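Good morning, everyone. Please have the structure up on your screens, and let's walk through it together.

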Amino acid sequence: MTTKQFMFVNRKAPYGTIYAWESLEVVLIAAAFEQDVSMAFLDDGVYQLKKGHQTKGIEVKAFEKTFGALEDYDVTKIYVDQESLTERGLTTDDLALPVEVFSRAELGKLMEEQDVVLSF
Amino acid sequence: MLHIINKSPYDRPAFYSALKTGEGAILLIEDGVYAAAKGGVAEAKLKAATDKFKFYALTADLEARGIADRVVDGVTLVNYAGFVDLVAEYKTNQSWL
Amino acid sequence: MKFAILVNEGPYTHQASDTAFNFAKAVLAQGHEIFRVFFYHDGVNNATRLTTPPQDDRNIVDRWSKLAKTSELDMVVCVAAAQRRGIVDDGEMKRNGKDATNLAPGFRISGLGQLVEAGIQADRLVVFGD
């Protein structure tokens, strides 16, 4: 099968809408299709990666467990926008996953190299 | 690459967020076309970026919103066929939803 | 050139489905091919045949169905998103013990793999949403 570069751009916060969760489902399928998958988190998307989600009170599944499964699917290219973290008072220590931090311009270059960019 | 923006810059940061990626083309559609209207705060931001980005806006969406007669200079108007051509022209496109 | 289209919002609330439809028509008019239109998130609501808009309004669902017929479009509704939102065909009705179906003509329900495949097979994939 042809392998293409798929980037999933996550710009939305978790839980307030379902986009982030359903996006994650596509990421896992793309990885199962053995595509070259990366995930980029910018703007409110960085909140998806925040450690310590306790979602019992709102009765929805938490992200952390599924994020943990990404490595099993060989999804290791997790890119985060530095400016979005800083704007929100976050550092990589606050995140649930090991990530690579880039400037917005560097992320722009990475986006440009992709075959398919999916945003939800 | 081609960035497709469908959000008003007065509501959500998609337009400004895309501008920060560096360079390329930006197509304004749906509520995104408000970024191309003269006289607003977004005008200066758009004009400051014309050396790095080519700007396009979808005519039908400008007309629907009553702002087709006040488009910032330097923004090229396209119809749906022009939208298709832009997508074909650039290898990569991203919708800033 | 081969295009694929992803629609992430339902009809009427957001303009996404209208824009995607106009874009699809323009793609075909330019002599390009549409490999697939994939409906995800609330976009699956574009596929309910029970939609009844006022007579002086566009019928977004019928419009997609007609375009699928005249242009032999492959229009796929994500099964997981459809199950969450109650978009049902015969197979889903039987499998999940429901008492009705509502999938409009020209749409079919299938897995997310169809979206990834569209990304692989098409030269361009364009996302419409909110």
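In what order do the five strands of the open sheet in chain B stand? They run β4-β3-β2-β1-β5, and the pairing is parallel. Before going on, one caution: this is a predicted model.

Now look at the two edges of that sheet. β4 and β5 (93-95) of chain B stand there. Each has a single partner strand, so one side of each is left without a neighbour in the sheet.

Let's zoom in on one pairing. Strand β1 (residues 2-5) of chain B is joined to β5(B) by three bridges, and the two run parallel. Which residue of β5(B) is the bridge partner of Leu2(B)? Asn93(B) is.

How many helices and strands does chain B have? Four helices and five strands. Read from the N terminus, the elements go β-α-β-α-β-α-β-α-β. The radius of gyration of chain B is 12 Å. The globule rule gives 13 Å for 97 residues, which is close, so chain B is as compact as a globular protein of that length. Along its principal axes, the C-alpha trace of chain B spans about 35 × 25 × 25 Å. Of its 97 residues, 51% count as buried. Now take the contacts in chain B between residues at least 6 apart in sequence. Of these, 61% join residues at least 24 apart.

One residue in chain B deserves a stop. Find Arg65(B). This residue sits in the loop between α3 (59-64) and β4 (75-78) of chain B. Now compare sequence and space. Arg65(B) and Ser17(B) are 48 residues apart in sequence, and 23 Å apart from C-alpha to C-alpha.

Next, where chain B meets chain C. Bring up helix α4 (residues 80-89) of chain B and helix α1 (residues 16-29) of chain C. Their axes come within 8 Å and cross at roughly 75°. Therefore α4(B) is roughly perpendicular to α1(C). Which residues meet here? From α4(B) come Tyr80(B), Ala81(B), Phe83(B) and Val84(B). From α1(C) come Asn22(C), Phe23(C), Ala26(C), Val27(C) and Ala29(C). By type, this contact has eight nonpolar residues, one polar and no charged.

Stay with chain C. Look at strand β5 (residues 124-128). Why is β5(C) described as largely enclosed by the rest of the structure? Because five of its five residues are buried. Both faces are covered. Arg124(C), Val126(C) and Phe128(C) are buried on one side, and Leu125(C) and Val127(C) on the other. Strand β1 (residues 2-7) of chain C pairs with β5(C) in the parallel sense, over five bridges. Within that pairing, Phe3(C) stands opposite Arg124(C).

Chain C also touches chain A. Here 16 residues of chain A are in contact with 14 residues of chain C. On the chain A side, α1 (19-32) and β5 (116-119) each supply at least two residues. The largest share, six residues, comes from α1(A). That side of chain A divides into ten nonpolar residues, three polar and three charged.

Last stop: two backbone angles in chain A. Most residues other than glycine have a negative phi. Now look at Glu34(A). Its phi is positive, about 55°, although it is not a glycine. Glu34(A) lies in the loop between α1 and β2 (36-41) of chain A. Asp43(A) has a positive phi as well, near 50°. Asp43(A) is in the loop between β2 and α2 (63-69) of chain A.

Which of these two is buried, and which exposed? Glu34(A) has 12 other C-beta atoms within 10 Å, so Glu34(A) is exposed. Asp43(A) has 22 C-beta neighbours inside 10 Å, so Asp43(A) counts as buried.

That's my tour. Over to you.

Notes
Residues are numbered from 1 along each chain as its sequence is written. Chains are lettered from A and ligands numbered from 1 in the order in which they are written. This is a predicted model: local features need pLDDT of at least 70, side-chain atom pairs count only at pLDDT 80 or more; totals for chains, interfaces and linings use all residues. The radius of gyration is taken over C-alpha atoms; the globule rule is 2.2 Å times the number of residues to the power 0.38. A residue is buried if 20 or more other C-beta atoms lie within 10 Å of its own, exposed if 12 or fewer, and partly exposed in between; C-beta atoms are placed from the backbone. Two residues are in contact if their C-beta atoms, placed from the backbone, lie within 7 Å. Ala, Val, Leu, Ile, Met, Phe, Trp, Tyr, Cys and Pro count as nonpolar, Asp, Glu, Lys and Arg as charged, and the others, Gly among them, as polar. Two strands pair if DSSP finds at least two bridges between them. Axes are lines fitted to C-alpha atoms, for helices over the stretch in contact, and angles run from 0 to 180 degrees between N-to-C directions. Angles under 35 degrees count as roughly parallel, over 145 as roughly antiparallel, 65 to 115 as roughly perpendicular and the rest as oblique.
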